[in-house]
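Let me put the sequence and the model up on the screen, and then we'll walk through it together.

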Amino acid sequence: MNIHEYQAKELLKSFGVPVPPGIAVRSPDEARDAAKSLGGDLFVVKAQIHAGGRGAGHYVGDPACSGVRLVKTAAEARAAAFEMLDRTLVTRQTGSQGRVVRRLYVEAGCAIDRELYLSLLIDRTERCITVVASEAGGMSIEDVAAKTPEKIMKIRISPSLGLADHQSRELATRLGLHGPLIGQFATIVHAAWEAFTTLDASLIEMNPLVVTKDNTLLALDAKMGFDDNGLFRHRAIQELRDPNEEDPREQEAARFGLSYVSLDGTIGCMVNGAGLAMATMDIIHQEGESPANFLDVGGGSSREKVGAAFRVLLSAPGLEGVLVNIFGGIMRCDIIADAVISACRETGLNVPLVIRLAGTNVEEGMAMIRSCGLDLIIATDLGDAARKIVTAVRTRRAA
Ligand code: ADP
Ligand code: MG
């Protein structure tokens, strides 16, 4: 689960990360009042969406208006908010459809000397939390990694020993920080580490973390993601969920306890078991098409759950075909067959569907599929299933 910048800043601040004062608002008048109460002569009005690249992004129909606006007065903050609220912002992370901006963050502006990059993340290859830092902050870290990988520094944090002070001090020195900034940097890394481990985060990113003109460190942008499997331990974090920012299909699937991830391909996959789901996605790729989703319906699914999975799957935009690939263990193939048949009837399925069943009660399941009178394509194994759905999708596309 991800949260907004203003929420991440509030959390990080409570752990001791220095951030500029700011106020989240939902209307132009609130933006004006926020600037007035912050005081000073420089404000930044920032679109709150779960996507980065806002500063370099632009509003649909207004290429001159980005998602991060520097203004000098409360009246200008109000005017900027008027242009930014309830409209669609496109950034390199939103895709071309963009995101509707429903909230803004009005923040005190600061004079920047240097922009650095700092993040903590779970490095699955190293099997530990890793601190990533770079002198090239403020820009997309993916670009830095691609073009100037030597500017990215990483330190592994030992799961048993935790973060050692010398590790962050060494990182500070390698970033070219001097004097009191070294201690400040170590404090920030330590605070982020505390936040990360206490809250079961999966990512904490400050891009940029800046050195201000008066020589202090300040996190000007903050992003936090949380491990969904740890969320039950953090009610306060659950409250920060913003349904507007989440994929409606993923939310619907979550209500039924299904693991569903939307992808941008054309073939909807209904599979049980994460391993089989991954293999199914791989083999679709190998045949030259791509999956519209990852879906694991789980082991002991009821007919209701399978029906829900099917409805979610069929609502995917750009869907051109469906591949059902189930290995019946605890899950019985006849239940799957029954659920698939009734879901097809209910939804009036109008794309090709290939079904491959194996395992418990497979004969009963296949008999139901053969005799149901629907135009379903039966496959004998995974390779056969992938070839058949790709052929069916391509034939339909050509027609
Ligand atoms: P995004 O990463 O989505 O583009 P950021 O919060 O990183 O959004 O803002 C983009 C840029 O705007 C930053 O790199 C920084 O240069 C500037 N900026 C952001 N917040 C402030 C602030 N409070 N004061 C001054 N400049 C800021
Ligand atoms: Mg940023």
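Here's one to start with: which side chain does the side chain of glutamate 107 join in a polar contact? The partner is lysine 9, and the polar contact between the two side chains is 2.5 Å. By polar contact I mean a pair of N or O atoms within 3.5 Å; within protein, one must be able to donate a hydrogen and the other to accept it, and residues adjacent in sequence count only if both atoms are side-chain atoms. Glutamate 107 sits in strand β7, and at a relative accessible area of 2% it is buried. Buried here is under 20% relative accessible area, exposed is over 50%, and partly exposed is in between, with a 1.4 Å probe and protein chains only.

Before going on, a word on what you're looking at. This is a predicted model, where local features need pLDDT of at least 70 and side-chain atom pairs count only at pLDDT 80 or more, while totals for chains, interfaces and linings use all residues. Residues are numbered from 1 along each chain as its sequence is written, chains are lettered from A and ligands numbered from 1 in the order in which they are written, and side-chain values use heavy atoms, with hydrogens and water left out.

Now the overall picture. The protein has 399 residues, and 50% of them count as buried. Its C-alpha trace spans about 75 × 50 × 40 Å along the principal axes. There are 13 helices and 19 strands; these are DSSP runs, H or I of at least four residues for helices and E of at least two for strands, numbered from the N terminus. The domain assignment, which is automatic or from a database, gives domain 1 (21–108), domain 2 (112–238) and domain 3 (248–398). Between the C-alpha centres of domain 2 and domain 3 there are 41 Å.

Let's go to ligand 1. How many residues surround it? The count is 17, and the closest are Lys46, Arg54, Gly55, Glu107 and Glu115. A residue counts as near if one of its heavy atoms lies within 4 Å.

Some specific distances for the ligand. A polar backbone atom of alanine 108 is 3.1 Å from a nitrogen atom of ligand 1. An oxygen atom of ligand 1 lies 3.2 Å from a backbone N or O atom of asparagine 207, and a polar side-chain atom of aspartate 221 lies 3.0 Å from an oxygen atom of the ligand. On its own, ligand 1 exposes 540 Å², and the protein buries 86% of that; these areas come from the Shrake-Rupley method with a 1.4 Å probe, and for residues only the protein chains shown count as cover. The elements giving two or more residues to the shell are β2 (43–47), β7 (104–108), β8 (112–123) and β11 (201–212).

Asparagine 207 and aspartate 221 turn up again at the magnesium ion, ligand 2. They are its protein donors, through Asn207 (O) and Asp221 (OD), at 2.1 to 2.2 Å. Donors are N, O and S atoms within 2.8 Å of the metal (3.2 Å for Na, K and Ca), and because water is not among the atoms, sites may look incomplete. Asparagine 207 is in strand β11 and aspartate 221 is in the loop between β12 (217–219) and β13 (223–226), so the pair ties together parts that are 14 residues apart in sequence. Both residues are buried.

One last stop: serine 66, in the loop between β3 (58–59) and β4 (68–71). With 12% relative accessibility, serine 66 counts as buried. Its side chain reaches the backbone oxygen of valine 68 at 3.0 Å, and a polar atom of that side chain lies 3.5 Å from the backbone oxygen of glycine 55.
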